[in-house]
Each structure stands twice: as C-alpha cells, then as structure tokens.
Amino acid sequence: MTREELLEKALCCNRCGSCRGVSQDTVPHQDFSTQCPSGMTLFGAYEPAGLMYSAKGLALGALEWDKNIADALYSCTLCGYCEDLCSRGYRHTPSISILEELRRTIPENLKPKNLTKAVKSTTTTAGNKLDILKSFGITDPGEGKKADTILFADRSIIANQSKLKEIGFLIQKSGKKIGCFMNDPLPPVDTTLMNAGKQDVLEECMEEIDTLLETHGIKQVICYSPESLSVLVRFSNSRAQFVSITQFYAQLLKKKAHKKLKMPAVTYQDPCHLGRYAKEYVAPRQVIAGLGLTLKEMWRSGDNSLCCGAGGGVLVDKPKLAKRYASNRWNEAKATGAKIIVTACPFCTINLNQSKPKGGKVLDITSLMAQAYGYK
Ligand code: SF4
Ligand code: SF4
C-alpha cells in the first residue's frame, strides 16, 4: 500500500466514535457500554478513531513514528469490531487493513521483539508430532494417499500431542477419510504473521500451501485454530474450502451417537477470528447444544462479541494487558451466572484462563467433544 492509498483509507474515518460502543439499543451495565478492548481499557488514542487519526497523520507526514504511537498500535488486538461496526453505519473505514499496514511499515526498532520472535513458530514445522495422527487412520496425501479433505496442522497443535490425540480420535469416530500432510507439513501459518507485519512471509507461505492443495486436489481444509482459518480464508488463492473444526464437530454430533455431558450452564466466547473474520457463529453453538449443555449467552455475543484480549499479538507482547482485557470479558461472563466459558480458540483459552476468577473454568470445545465420545 502506498502512502496515498493509506491516506485515502484513513480519510474514511471522521472520528464519529460509533465504533467505540455497542450496537444494541439498551446497555445493561456501564461496564458493557464500550467495546474496543484497548480503547475501553486505556484512553482516546487507543480507541479506533485515535488509531485512524494517527494513520492519517503518518500518511500525511504530519506525524512521525514514536514509542507512544507504537504502544497504541500494539495494544490493539486486531479484533475487527471497529471495522465491522463502522460498516454498519454511513461510513466504511477499512480499519483492519489500515492497522495491518501500519504494522508492516513501522520502523524496525519500534517493532516488539517478542512478536518478531513468534514469527518463527508459524513457519517452522521442526519437532512436530503429527505422526501420532497415523495411529487414528489419518493418511498423508504427500505420500500419495488420496484425501479430498485434510486437517490443517497449525502452530497450536503441530507439536501438541494431547490435542492431536483428541482430534485424531474424533476424526476416527467420524469414519471420514481425512488426511493431513504429516511427513512434510504445510507451513503452520496464522495471524502472527499479520500481527508482526510480515505480510511478505505470509505471501510466500500461502504460495507453498496453495500449490500443495492444488497438486493434491484438496477440496476442503479443516482448521482447529481460528487464527489459521482466518488467514487461510483471507489470503489463499486455492479452490479449497476452509472450514472451522466446529463445523466438522456439528456434523459429527448429528450423525454419530454420543453421550450428553452433565455440567452446570456454560457461556460461549466467540473467538474474533472465528466469528468476525470467518463468520462462523452457528456451528459452535450447535455443538454446545448437541452436547446437551445449557448455554447462557453473554450480552455481547455473536457479531457484537467482545474480544478476549489475546489477539493482535497482545498476548505475546503485552501479557499483563491481555490479562486486563480478559478480566473485562470475565465480568460479562459472570453476569450470565455461568462459571464456565467454552471457546473454540487455543489463544482465547490461554488468555481467559490466566484471568479466571475463583471457581471459573475455560473449556475447549474439542476436549468436550472428545469427552462426549468417550475419549480417555
Ligand atoms: S472508524 Fe468509522 S465508526 Fe469509527 S470513528 Fe471512524 S468513521 Fe466512526
Ligand atoms: S481492531 Fe479491535 S482492538 Fe483494534 S482498534 Fe478496532 S476495536 Fe479496538
């Protein structure tokens, strides 16, 4: 993006402030009246309009990059709510592409080192434990074993034996022929690359992924991590369809007998990259209902959901701030009366866990599925 293009996009924002709030007519509690994780926790410059005006200043050359602008930029979780809400009004400020462009062009010395370090984990497949999947009948298209559908081995599962076993077990239960590139895995890309402003690295990885998907005739890719689903949906040029693992679970529950889970009422955290970016709001709720659980929705849910605070690299770069963001979410969860938050994102799980109140629990939808099918 050129400076002129950035300016053109940033000028869409007239600082009306609508994206600060919620779109419902009534607000049950003052704590729930604003919605940008960084803006509601910090102050004006950290709100979407503040960031958009900084972008305008930088594009015009009226502002120079400094630590304060960098701090506001990396306190944003890239949750996408501001862009979504802005587009519901009379403007459409493409705030996500503006914020991603700022992360791409910020001077190197202002880039958070932790974020730059994290990039490695989304490009390397060394030390992966994917062979475990073979014991559940999962085949490798790279070895010439035909499979139309594959599991995408993202960085949160690629070396996580216990999660791979749960997923492998559920795939086996489904009886479906699902493959996974195990001997020569696909680059485990996710939003980390956008968070760190490494669009060029993502492009290279996507080219490799697209080539392999096309070469092996893959029609569908199942993603466990919403942060991978989100970049694959946005940036792949292949003809494959990318779906959340929650869709696979919802279908499995309809087709194969399972036991109902017995536990107190739960609430559900919509992961931003599953809901807002990949528009998957239905399947996780079908899974929760199919498992026999009582769902108590938080006031901000679905396309008005509040980010847990992990995204945008905040969890990696500013873990204490991510924890503060997560406490906002727990306050809302507590207001439902439920003490358990179910989610379908490994990063929401980590962040909500680190700020859970006494008696609070965070449960991964995959583990609940495995439990319902008798996984030990
Ligand atoms: S991004 Fe859109 S909703 Fe937010 S302040 Fe700017 S114009 Fe208003
Ligand atoms: S993307 Fe989310 S955290 Fe970032 S400015 Fe927009 S609403 Fe705030």
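Guide: The shell around ligand 1 holds eight nonpolar, six polar and two charged residues. This is a predicted model: local features need pLDDT of at least 70 and side-chain atom pairs pLDDT 80 or more, while totals for chains, interfaces and linings use all residues. Residues are numbered from 1 along each chain as its sequence is written, and chains are lettered from A and ligands numbered from 1 in the order in which they are written.

Visitor: What makes a residue nonpolar, polar or charged?

Guide: Ala, Val, Leu, Ile, Met, Phe, Trp, Tyr, Cys and Pro count as nonpolar. Asp, Glu, Lys and Arg count as charged, and the others, Gly among them, as polar.

Visitor: What makes a residue part of the shell, and which come nearest to ligand 1?

Guide: Its C-beta atom, placed from the backbone, must lie within 6 Å of the molecule. 16 residues are around ligand 1, and the nearest are Cys13, Cys16, Cys19, Ala49 and Cys86. Helix H3 gives the largest share of this shell, three residues.

Visitor: What counts as a helix here?

Guide: Helices are DSSP runs of H or I with at least four residues, and strands are runs of E with at least two. Both are numbered from the N terminus. H3 covers 48-60.

Visitor: Which residues are closest to ligand 2?

Guide: Cys36, Pro48, Cys76, Cys79 and Cys82 are the closest of 14. The whole shell of ligand 2 has nine nonpolar, five polar and no charged residues. Helix H2 gives the largest share, three residues.

Visitor: Why is Leu51 called buried?

Guide: Buried means 20 or more other C-beta atoms within 10 Å of a residue's own; exposed means 12 or fewer, and partly exposed lies in between. Leu51 has 26 such neighbours, so Leu51 counts as buried. Leu51 is found in helix H3.

Visitor: What does Leu51 touch, beyond its neighbours within four places in sequence?

Guide: Leu51 is in contact with Ala72, Leu73, Cys76 and Leu99. Contact means that two C-beta atoms, placed from the backbone, lie within 7 Å.

Visitor: Where else are there buried residues?

Guide: Helix H16 (residues 346-354) has several, including Phe347, Cys348 and Leu352. The buried residues of H16 pack against, among others, helix H15 (319-335) and strand E6 (340-343).

Visitor: What describes two packed helices?

Guide: The angle between their axes and the distance between the axes. Axes are lines fitted to C-alpha atoms, for helices over the stretch in contact; angles run from 0 to 180 degrees between N-to-C directions. The axes of H12 (residues 245-255) and H13 (residues 282-290) come within 8 Å and cross at roughly 35°.

Visitor: Why is a crossing called left-handed or right-handed?

Guide: In a left-handed crossing the near helix is turned anticlockwise from the far one by less than a right angle; clockwise makes the crossing right-handed. H12 passes H13 in a left-handed crossing. The contact includes Tyr249 and Leu253 of H12, and Pro284 and Val287 of H13.

Visitor: Which domains are assigned, and where do the bounds come from?

Guide: The bounds come from an automatic or database domain assignment. The assignment gives domain 1 (3-111), domain 2 (121-250) and domain 3 (259-372). The centres of domain 1 and domain 3, taken over C-alpha atoms, are separated by 24 Å. Between these two, 20 residues of domain 1 are in contact with 23 residues of domain 3.
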